Amino acid sequence: MALERKIQLAAYGLFIAALFLAPAFGDEFWLNRIAKYLVYGMLGVAIALTWGYAGILNLGQGLFFGMGAYMLAMSLKLSSPTSLAQGSDTPVPDFMLWNAEPGAPTDLCCINKGSFLWLPFQHQWFGLAMGIVLPVVIAGVLGAIIFRKRISGVFVSIITLALVLLVRLVLVDAQPITNGFNGLTDLGWLTIGGIEFDPYSRATYYLCAASLSLTLIAARLLADTRASLILQAIRDDQLRARYLGFDVPVYQTFFFVVSAAIAGYAGMLYVVVTEFASPTFMDLSFSVTMVVWAAVGGRSSLLGACIGAILINMIEVQVSETEALVEAWKAIIGLIFVLVVLFMPRGLGGLAHSLVARFQRDEQPSVSATAGATRSETA
């Protein structure tokens with residue numbers, strides 16, 4: 001096995017081991033904060049798959065994250081004490097009562113014109129399933145249209161950006177159904193197999209750590225497949241790939257869908273950790289921030305993009321909570337990004353790759369010299 005491959009596997013192993021050892025060094029509040037960073041790490045992996053491997057700069061990744069978050073949040077909202085105490089046989093979100101017309105029945109089926117959409121979400125398994133299915137379906141349809149039409153480059157970024165802003169607008173305007181700007185708050189806890197995932201419990205942290213670990217491993221295995229090599233060839237030269245007979249839209253759509261599934265799952269985990277879902281998940285700034293994470297960590301490195309997302313958020317929180325820097329923390333984060341782009345265009349992952357390559361070059365002359373000396377002694 002090549003040295004570079006061994007180092008790569010060791011890096012993945014050390015990172016995953018660190019995730020599971022972290023609870024020994026912090027309290028419940030600290031674990032909750034780190035769990036949120038791990039969710040951001042999953043978003044870094046999702047961006048790296050599309051931008052780094054497929055060359056697709058998606059500025060609407062917040063759409064898939066937000067859809068995953070809202071799907072689970074709807075189920076958890078219906079399982080909260082406030083939704084179960086509205087004098088109805090079925091749970092009813094409190095905000096629907098505030099927005100109901102006079103005389104409307106206190107029932108989820110018909111308290112307002114769109115409330116019936118919430119009926120299946122009385123079952124948490126439905127919310128969990130839809131948190132993956134809806135982002136995948138949206139990404140599949142969008143990808144099929146965009147890539148079949150041979151739309152590429154900045155135009156993909158514009159379309160995805162416009163779509164996420166459109167969906168955000170719909171969520172805000174549908175006040176009686178989504179609670180508008182306020183989002184979904186006062187949620188119940190996720191319960192799976194009798195285990196309640198309290199946001200501040202070790203169980204929730206380990207759920208996030210295991211999810212990130214499995215996502216990294218699965219993405220790494222996917223990146224090592226023939227499909228990934230073909231996708232990278234498409235990224236470098238689409239016309240040549242088409243000439244060689246590859247169905248370019250199929251490969252692009254597949255990776256686009258996988259990235260959306262990861263983002264949707266990350267959105268669900270975020271709801272479990274923070275206990276709310278908000279239209280701010282679909283803000284332009286949030287989607288652009290994800291790209292910054294991947295750029296700092298290295299868009300062509302899955303582990304690098306993941307670590308970049310975690311590090312940037314840790315630095316952001318530390319700087320924003322420092323009294324002397326509270327007014328300038330956004331400028332500091334922006335400066336870090338500019339410096340990385342100028343001096344490390346391939347990010348932290350690219351820097352690590354360059355160091356390994358230099359180490360290999362330094363080792364080769366030593367090996368050659370040793371072999372030459374051995375031959376001379378033999379002669």
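Modeller: Let us start with Phe121, which at 6% relative accessibility counts as buried. Please keep in mind throughout that this is a predicted model.

Biologist: What makes Phe121 buried?

Modeller: Buried means under 20% relative accessible area, and Phe121, at 6%, therefore counts as buried. Phe126, with a relative accessible area of 21%, is partly exposed, because that label covers what lies between the 20% limit for buried and the 50% limit for exposed.

Biologist: Why is the pair of Phe121 and Phe126 called edge-to-face?

Modeller: A pair of aromatic rings is described by the distance of the centres and the angle of the planes. Rings pair if their centres lie within 6.5 Å, and planes over 60 degrees apart count as edge-to-face. The rings of Phe121 and Phe126 have centres 5.0 Å apart and planes at 80 degrees, so this pair is edge-to-face. The rings of Phe147 and Phe256, with centres 5.8 Å apart and planes at 85 degrees, are edge-to-face by the same rule.

Biologist: How do you know that the pair of Phe147 and Phe256 ties together parts that are apart in sequence?

Modeller: Phe147 belongs to helix H6 (residues 124-148) and Phe256 to helix H12 (residues 248-274), so the pair ties together parts that are 109 residues apart in sequence. Both Phe147 and Phe256 are buried. By this rule the structure has 19 aromatic pairs.

Biologist: Which residues form one aromatic cluster?

Modeller: Tyr40, Phe65, Tyr270, Phe276, Phe281, Phe286 and Trp293 form one. Phe281 sits in the loop between H12 and H13.

Biologist: Is Phe281 buried or exposed, and how do you know?

Modeller: The relative accessible area of Phe281 is 5%, and since buried means under 20%, Phe281 is buried. Leaving aside neighbours within four places in sequence, Phe281 is in contact with Gly62, Phe65, Gly66, Ala69, Tyr270, Phe276 and Phe286. Phe281 and Tyr70, although 211 residues apart in sequence, are 9.8 Å apart in space, C-alpha to C-alpha.

Biologist: What makes a set of residues a nonpolar core?

Modeller: The residues must be buried, belong to the listed kinds, Leu and Tyr among them, and be joined through side-chain atoms within 4.5 Å. The largest nonpolar core has 103 residues, and those with the most contacts inside it are Leu38, Leu43, Leu184, Tyr205, Leu212, Leu216 and Leu302. Helix H2 (residues 28-53) gives the most to this core, with 16 residues. Leu216 touches Tyr12, Phe15, Val45, Leu302, Leu303 and Cys306, not counting residues up to four places away in sequence. In soluble globular proteins, nonpolar side chains tend to be buried together.

Biologist: How many cavities of 30 Å³ or more does a search of the whole structure find?

Modeller: The search finds one, and about 40 Å³ of space lies in the largest cavity. The residues that line this cavity include Leu76, Trp189, Phe197 and Glu275, and by class the lining has eight nonpolar, one polar and one charged residues.

Biologist: What makes a pocket something other than a cavity?

Modeller: A cavity is a set of points where a 1.4 Å probe fits but cannot get out, whereas a pocket is an open set. The largest pocket has a volume of about 740 Å³. Of the 30 residues that line this pocket, Gln8, Ser300, Ser301, Gly349 and His353 are the closest to its centre. By class, this lining has 13 nonpolar, 10 polar and seven charged residues. The second largest pocket holds about 580 Å³ of space, and among its 23 lining residues Phe286, Thr289, Asn313, Glu316 and Trp329 lie nearest its centre.

Biologist: Why does Arg150 count as exposed?

Modeller: Exposed means over 50% relative accessible area, and Arg150, at 57%, therefore counts as exposed. Arg150 lies in the loop between H6 and helix H7 (154-173), and has a positive phi of about 60 degrees although it is not a glycine. Most residues other than glycine have a negative phi. Asp186 also has a positive phi, near 55 degrees, but at 36% relative accessibility Asp186 counts as partly exposed.

Note on methods. Residues numbered from 1 in each chain as written. Predicted model: local features only at pLDDT ≥ 70, side-chain atom pairs only at ≥ 80, totals over all residues. Heavy atoms only, no water. Buried < 20%, exposed > 50% of the residue type's maximum accessible area, 1.4 Å probe, protein only. Helix = DSSP H or I, 4+ residues; strand = E, 2+ residues; numbered from the N terminus. Contact = heavy atoms within 4.5 Å. 1 Å grid on protein atoms, 1.4 Å probe; cavity = no way out; pocket = protein on both sides within 12 Å on 5 of 7 lines; lining within 4 Å. Points joined across faces, edges and corners; volume = space filled by probe spheres on them. Nonpolar A, V, L, I, M, F, W, Y, C, P; charged D, E, K, R; others polar. Phe/Tyr/Trp six-rings, centres within 6.5 Å; stacked < 30°, edge-to-face > 60°.
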